[in-house]
Amino acid sequence: MYPFGKGLSRHMPFLLLMIPVALYVLLAVGPSLVTIVFSFTNATGIPGTSWQFIGLDNYKTFFTASNAGDQVRAIGRSLYFAFAVVLIQNAVALLIAIIVNKRLRGDVFYRATYFLPVVLGVTVSGLIWQMMFNPMGGPAQKLLNVFGTQSNFFGSYDIAFELIIFVQIWMYMGYSMTIFLAGLQAIPKDLYEAGYMDGARGWSSFRHITFPMIAPAMTVNILLSIIGALQTFDIIYVLTGGNFETSTLAYNVFAAAFATTTSDFGRASAIAMIQFVFVFAFAIVAMLYFRKREVEL
């Protein structure tokens with residue numbers, strides 16, 4: 001109980017705290033529980049239609065249906081997507097953060113420019129890169145014409161998925177850069193001066209001072225990258241609509257629930273639960289590993 005004030009005012013902080021708690025339960029916990037329940041039903045999401053509990057049928061269908069191979073390939077693409085995004089996005093973001101952390105003329109402009117894709121939104125970013133990779137005379141196609149070749153880009157089975165990975169990294173690299181930049185600016189200058197006196201310069205300074213000090217920022221970035229990459233479906237929908245071997249587990253959730261006229265909320269909820277297990281498992285393993293690395297460094 002709040003020790004100050006009298007009467008109702010003593011309970012006011014707890015009453016105010018109940019508002020965000022109620023909103024969280026209503027908007028986050030509630031839909032999550034509904035998803036779990038729906039995964040054991042044949043709910044279609046169509047108003048007026050009835051639904052029944054069907055046990056584990058949606059989960060069995062996921063692994064044994066005639067298109068089970070497509071689901072397995074979607075899981076493989078999800079893991080490939082997450083691995084490429086986590087590795088490349090954080091490596092590029094760290095490099096740019098180190099560069100813009102130096103006292104360069106116009107460094108604020110560079111930071112804003114690198115962060116700009118984060119605020120553009122998925123649809124705008126998708127339209128930009130659809131125009132850039134337009135096979136009917138886009139800038140990328142004109143560049144290929146110089147070398148006497150051509151490509152369908154987002155309409156190609158060979159490179160469409162890699163181009164989506166590239167766009168995803170371009171969209172969120174600025175976010176990772178900002179976290180790295182905050183970690184770099186929190187490093188005391190005294191450490192570099194002491195390291196310089198001991199002969200630490202260049203790579204040695206980065207290896208023994210910078211990298212251990214930004215380890216918490218690295219952990220946060222990798223966790224956010226894993227969770228974000230495994231949940232990505234929107235940029236896939238905008239760029240290819242899941243065609244040309246670009247669908248992932250997250251996209252299949254959207255496709256089962258909304259992308260066709262025969263919405264299957266039960267199957268979509270079951271796929272969402274399987275996706276949740278993947279995201280949760282990878283996030284926990286990554287967090288435990290990188291927390292251990294932080295202690296060792």
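This is a predicted model: local features need pLDDT of at least 70, side-chain atom pairs count only at pLDDT 80 or more; totals for chains, interfaces and linings use all residues.
Modeller: Residues are numbered from 1 along each chain as its sequence is written, and side-chain values use heavy atoms, with hydrogens and water left out.

Biologist: Okay, let's start with H13: how far does helix H13 reach from its first C-alpha to its last?

Modeller: Helices here are DSSP runs (H or I, at least four residues), numbered from the N terminus. H13 covers residues 265–296, which is 32 residues. The expected span is 1.5 Å times one less than the number of residues. For H13 that expectation is 46 Å, and the reach is close to it, at 46 Å.

Biologist: And which helices do the buried residues of H13 pack against?

Modeller: Buried means under 20% relative accessible area, exposed means over 50%, and partly exposed is in between (1.4 Å probe, protein chains only). The buried residues of H13 include Gly 266, Ile 271, Met 273 and Val 279. Counting contact as heavy atoms within 4.5 Å, the partners are H1 (12–38), H2 (57–64), H3 (68–100), H10 (215–230) and H12 (249–257).

Biologist: H12 came up there, so how many of the residues of H12 are buried?

Modeller: That helix is mostly covered. Its buried residues include Leu 249, Tyr 251, Asn 252 and Phe 254. The cover includes H2, H3, H10, H11 and H13. The count of buried residues in H12 is nine of nine.

Biologist: Let's zoom in on Ala 257: which residues is it in contact with, leaving aside its neighbours within four places in sequence?

Modeller: Ala 257 lies in helix H12, and at 6% relative accessibility it counts as buried. Its C-alpha is separated by 47 Å from that of Gly 106, which is 151 residues apart along the chain. The contacts of Ala 257 are Ser 263, Asp 264, Phe 265 and Ala 268.

Biologist: Now the helix pairs: at roughly what angle do the axes of H3 and H7 cross?

Modeller: Two packed helices are described by the angle between their axes and the distance between the axes. The axes are lines fitted to C-alpha atoms, for helices over the stretch in contact, and angles run from 0 to 180 degrees between N-to-C directions. The axes of H3 and H7 (residues 160–185) come within 6 Å, and they cross at roughly 45°.

Biologist: What does that make H3 relative to H7?

Modeller: Under 35 degrees counts as roughly parallel, over 145 as roughly antiparallel, 65 to 115 as roughly perpendicular, and the rest as oblique. So H3 is, relative to H7, oblique.

Biologist: H7 also packs with H4, so which residues of H4 make that contact?

Modeller: H4 (residues 107–120) and H7 pack at about 130°, with their axes 7 Å apart. That angle makes H4 oblique to H7. On the H7 side, the contact includes Trp 170, Met 171 and Tyr 172. On the H4 side, it's made by Arg 111, Tyr 114, Phe 115, Pro 117, Val 118 and Leu 120.

Biologist: What about H8 and H9: which residues of H9 does H8 meet?

Modeller: H8 (residues 189–197) and H9 (residues 203–213) pack at about 160°, with axes 10 Å apart. They are therefore roughly antiparallel to each other. From H8 come Leu 191, Tyr 192 and Gly 195, and in H9 they meet Ser 205, Ile 209, Thr 210 and Met 213.

Notes
Helices (H or I, at least four residues) and strands (E, at least two) are DSSP runs, numbered from the N terminus.
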